[in-house]
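Below are my notes on the model, as numbered points. Please read them alongside the coordinates.

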Amino acid sequence: MGSEKLEQQQIRKDILNRLKTIKGHIQGIEKMIDEEKSCEDVLLQIAAVKSSVEKVGSIIIEGHAKDCLLKENITAEEVERILKTVMKFAK
């Protein structure tokens with residue numbers, strides 16, 4: 001198995017671990033709301049989840065852009081599609 005394939009597997013594993021962590025944080029937020037914790041505490045946890053989701057998105061978009069942009073003979077349409085994807089994520 002090539003080093004590129006191993007790297008892709010490690011990135012996939014990292015993304016899945018991050019998503020599981022996010023899922024746990026969201027469950028924690030649900031519990032906080034159920035227990036009527038302070039708005040400040042809940043919002044702090046929501047901010048942490050938002051940051052984590054953005055990090056996962058960044059990892060995915062970076063890998064996608066590299067895969068697509070490093071191809072030989074990439075077309076202008078493909079570059080445009082990649083840029084649109086990046087811009088949607090950045091909003």
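1. Glu 78 lies in helix α3; helices here are DSSP runs of H or I with at least four residues, numbered from the N terminus. The residue is buried, at a relative accessible area of 18%, where buried means under 20%, exposed over 50% and partly exposed in between (1.4 Å probe, protein chains only). Setting aside neighbours within four places in sequence, Glu 78 contacts Lys 71 and Asn 73, a contact being heavy atoms within 4.5 Å.

2. This is a predicted model, in which local features need pLDDT of at least 70 and side-chain atom pairs count only at pLDDT 80 or more, while totals for chains, interfaces and linings use all residues. Residues are numbered from 1 along each chain as its sequence is written, and side-chain values use heavy atoms, with hydrogens and water left out.

3. Helix α2 covers residues 39-69, 31 residues in total. From first C-alpha to last it reaches 44 Å, close to the 45 Å expected; the expected span is 1.5 Å times one less than the number of residues. Buried positions in α2 include Val 42, Val 49, Val 56 and Gly 57. The buried residues of this helix pack against α1 (3-34) and α3 (76-90).

4. The loop between α1 and α2 holds Glu 36. Its phi is near 55 degrees, a positive value in a residue other than glycine. Most residues other than glycine have a negative phi. Glu 36 counts as exposed, at 71% relative accessibility.

5. Lys 37 is in the loop between α1 and α2. Lys 37 is partly exposed, with a relative accessible area of 42%. Not counting residues up to four places away in sequence, Lys 37 touches Met 32 and Val 42; Val 42 is one of the buried residues of α2.

Terms used:
Helices (H or I, at least four residues) and strands (E, at least two) are DSSP runs, numbered from the N terminus.
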